[in-house]
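Please look through the sequence and the three-dimensional structure below before reading on.

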Amino acid sequence: MKLGTKLIHAGVAPDPSTGAIMTPIFQTSTYVQSAPGQHKGYEYARTQNPTRDALQNALAAIENGTHGISFGSGLAATDGVMKLLSPGDEVIATNDLYGGTYRIFTKVFERYGIKFTFIGMEDAKNIEAHITPQTKMIWLETPTNPLLKIIDIAACAQIARKNEIMLCVDNTFASPYLQNPLDLGADIVLHSATKYLGGHSDVVHGVVIVKNEELAKQLYFIQNSCGAVPGPQDCFLVLRGIKTLHVRMQRHCENGIIIANFLRNHAKVDKVFWPGFTDHPNHDIAKQQMRGFGGMISFTLKDDNIEAANRILSNTHLFSLAESLGGVESLIGHPASMTHASIPREERIKNGLADSLIRLSVGIEDAGDLTDDLNKAIG
């Protein structure tokens, strides 16, 4: 199946009991057994749920994996992946990443003896200098949040294989429509399904997808043992969102091109971060590993101060000032005080995240209305 067909059909089937074309919401906490240990494949809803199973199968299919493991949020999925490690293990992570990921790494898992090294990965060769015998995982986002840096997944996978290290790719910004890290050699792909997969700002969900059977068993064990599972209503909403991912992402990409070029040509805008520009660092790598450049854009102002940024953030009407991304509606945010506030300022500045940086999640509204909205707010 080609991608558009796969997104609608893969991993799901009409309900066998009724013929319902949409997977039912199995809102139950437990399942009746005919005798101890004799059941229809379901015992307790933390462990299994038919709605969740359908979603997990669909998610595995659209990322070209074999197993999808759903969690109650993107950070719960991150928590599950980190629990594959043991005290004394080391992780090499990109230094431009979601603030919540940085927080759970440094404030939670460092307390349990896992060491994290944050480095620039725009040149994948930089990773090798930081590998030690204790290194067990490479963690990357691409495009990164919020500076849209591009990291060569295939090159990182080659380094990981050579050193017998797991490679985990947070694919939230790209979505499976634009990029499939497992095809490029990653061991684990992770999504905050709250974002593009759900796509309608109405659900919180996370997922991990793998190809390796043993890795899947470990993650299912963590999912069940630690219990950070999503409810069936949430699973239903993500299933629904996946069915329109391709048409939504087409419009996100189309609008992204228009907004990125509008910003680049605006007299008051300084830098625009968007991987579709031919002069964006690693643009050629983005062309190789992505099928488009998406609707995530960040920019700074020539009047580089927080007051100027705040005037824009408070004066848009179609771009709503809010956390999150990937919904059908356009969002505007201030990473330094919102999504990345948990990263110390000196670390943010060192990694290029300016106090005045503004991040856009370009929605699927009319592009002309969106440019008018930004033009009035920027002034």
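A residue is called buried when its relative accessible area is under 20%, exposed when that area is over 50%, and partly exposed in between, with a 1.4 Å probe and protein chains only. This is a predicted model, in which local features need pLDDT of at least 70 and side-chain atom pairs count only at pLDDT 80 or more, while totals for chains, interfaces and linings use all residues. Residues are numbered from 1 along each chain as its sequence is written, and side-chain values use heavy atoms, with hydrogens and water left out.

Side chains of opposite charge can pair when their charged atoms come close. Counting as a salt bridge any side-chain nitrogen of Lys or Arg within 4 Å of a carboxyl oxygen of Asp or Glu, the model has eleven salt bridges. One of them joins Asp303 to Arg311, with an N to O distance of 3.7 Å; Asp303 is partly exposed at 40% relative accessibility, and Arg311 is partly exposed as well, at 48%. Another links Asp79 with Lys83, whose closest N and O atoms lie 2.6 Å apart, and here Lys83 is partly exposed at 34% relative accessibility.

Helices are DSSP runs of H or I with at least four residues, numbered from the N terminus. In helix H12 (residues 345–350), Glu347 and Lys350 are three residues apart and therefore separated by about one helical turn, and their side chains form a salt bridge with the closest N and O atoms 3.2 Å apart. Glu347 is partly exposed, with a relative accessible area of 24%, whereas Lys350 counts as exposed at 60%. Arg345, Arg348 and Asp355 are linked in a network of salt bridges.

On the scale of the whole chain, an automatic or database domain assignment gives domain 1 (3–240) and domain 2 (245–378). With contact meaning heavy atoms within 4.5 Å, 40 residues from domain 1 and 43 residues from domain 2 take part. The two domains bury about 3,400 Å² between them, 62% of it on carbon and sulfur atoms, where buried area is the accessible area (1.4 Å probe) that two parts lose on being put together, summed over both. On the side of domain 1 that touches domain 2, the elements giving two or more residues are helix H1 (3–9), helix H4 (99–108) and helix H6 (175–178). Between domain 1 and domain 2 the count of salt bridges is zero.
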